[in-house]
Amino acid sequence: MSSQVLTQQDYRFSAFMLGLRAALPLTLAIIPWGLLAGSFALESGLTGLEGQAMSIFVFAGAVQLVVLGMIGSKAGLGAILIITLLITSRHFLYGMSMRGHMQQLPLRWRLILGFLLTDELFALTGTKPPEQFNRWHALGGGLSLYLGWNMATAAGIIAGQQIPNMDALGLEFAVAATFIALVVPGIQKISTLCAVITALLTSVTCELYQIEAGLLIASVLGMLAGVLSARLFSEPAAPHNEGQST
Amino acid sequence: MIWLTIILMTLVVFISRYLFLEPRLPLRLGPRTTQFLSYAAPAILTAIAAPIVFLPEGELALQVSNPYLISAILAIGLAYLTRHVLFTTVVSMGVFFVLHSWGAHTVGPQLF
């Protein structure tokens with residue numbers, strides 16, 4: 001009896017550690033981004049405490065960096081919240097994708113994993129079918145990213161007090177490099193390639209014309225292009241969480 | 001004011017992440033929707049990364065002298081060949097920082 005309990009704890013612990021390990025590359029890759037979030041907070045007029053609080057509570061790289069820029073240029077609260085909603089709206093899609101994985105979990109697990117559900121954690125857990133989902137594995141991955149993000153922010157706040165203009169270092173290339181490394185190996189079908197190319201062209205066009213909802217427009221058009229091209233090339237429809245529903 | 005901003009941002013971000021994990025929310029995902037959603041990660045991650053690479057200073061920069069573009073092409077090649085996230089990120093970032101500091105006379109690139 002007791003050995004069985006022990007086995008289960010061992011199993012949880014090893015799943016947690018495997019999650020930590022799986023998230024390590026991504027955790028390293030968000031460090032430059034976190035450094036930027038810390039140093040940029042100071043440049044935008046936040047105190048170190050406020051900059052750290054943003055990483056502790058909001059925990060969303062793209063949102064934080066864009067909003068810090070807006071605070072620096074004295075944007076209003078309404079505008080800041082609209083942009084936050086636009087940039088974060090992709091998480092609605094992640095939540096929908098992860099519904100089959102997580103909706104049967106107890107409330108506290110859903111709250112914790114929901115809070116930790118970033119692009120990176122979604123890339124780690126959302127690409128596997130719900131049957132293979134392990135809450136401890138996801139928790140290990142999520143906490144690794146959370147701690148990495150907050151330590152990098154703290155380092156950025158400290159370094160930002162010494163090194164001015166850290167945003168001129170090009171740290172945001174780390175974002176692009178990480179996402180390329182995550183996306184490219186996943187392009188296994190023509191339809192995924194169509195989704196990626198559409199999202200690429202649309203997002204660049206929107207950025208060029210400074211359309212603020214560009215990220216959302218490009219994402220939705222990319223996803224539509226994926227669906228349409230899958231039909232066009234009559235790919236077998238085999239989405240991983242097919243049939244999962246309430 | 002900053003604290004109020006942080007609190008409201010926290011709420012908006014958390015709700016967007018949690019909402020569809022809530023089982024009491026009546027929502028049934030059919031095969032069409034799940035297929036649509038299976039393209040979420042590649043489309044969204046690409047839409048975040050592409051403007052950083054192609055418009056690092058807010059203008060279209062397709063020149064060879066754009067370190068973002070060169071390093072991104074390298075990252076695509078490495079990711080395709082090795083399928084290794086950390087290796088790809090570390091090597092392409094290393095190359096980027098070398099190229100970028102060579103051309104460091106440029107103005108600080110804007111974010112997104």
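**Notebook: the contact between chain A and chain B**

I began with polar contacts in this predicted model, and between chain A and chain B I counted 14 residue pairs in polar contact, with both residues at pLDDT 80 or more. I then sorted the side of chain A that touches chain B by class: 66 residues are nonpolar, 21 are polar and twelve are charged.

I looked next for salt bridges between the two chains, and the count is one. A:R110 forms this salt bridge with B:E22. Their closest N and O atoms are 3.2 Å apart.

I turned to the extent of the contact. Chain A contributes 99 residues to the contact, and chain B contributes 71 residues. Together the chains bury about 7800 Å², of which 77% is on carbon and sulfur atoms. I noted that A:R99, A:F173 and A:E207 supply 9% of the area that chain A buries against chain B, more than any other three residues.

I looked up how chain B is divided. Domain 1 covers residues 1-35, and domain 2 covers residues 39-107. I recorded 30 Å between the C-alpha centres of these two domains of chain B.

Finally, I examined one residue, B:T88. I found B:T88 in helix α5 of chain B, which spans residues 85-102. Is B:T88 buried or exposed? B:T88 counts as buried because its relative accessibility is 0%, and the cut-off for buried is under 20%. I then listed the contacts of B:T88, leaving aside its neighbours within four places in sequence. In chain B, these are B:A75, B:L78, B:A79 and B:T82.

Methods
Residues numbered from 1 in each chain as written. Chains lettered and ligands numbered in written order. Predicted model: local features only at pLDDT ≥ 70, side-chain atom pairs only at ≥ 80, totals over all residues. Heavy atoms only, no water. Contact = heavy atoms within 4.5 Å. Buried area = accessible area lost by both parts, 1.4 Å probe. Salt bridge = Lys/Arg side-chain N within 4 Å of Asp/Glu carboxyl O. Polar contact = N/O pair within 3.5 Å; in protein donor to acceptor, adjacent residues only side chain to side chain. Nonpolar A, V, L, I, M, F, W, Y, C, P; charged D, E, K, R; others polar. Domains from an automatic or database assignment. Helix = DSSP H or I, 4+ residues; strand = E, 2+ residues; numbered from the N terminus. Buried < 20%, exposed > 50% of the residue type's maximum accessible area, 1.4 Å probe, protein only.
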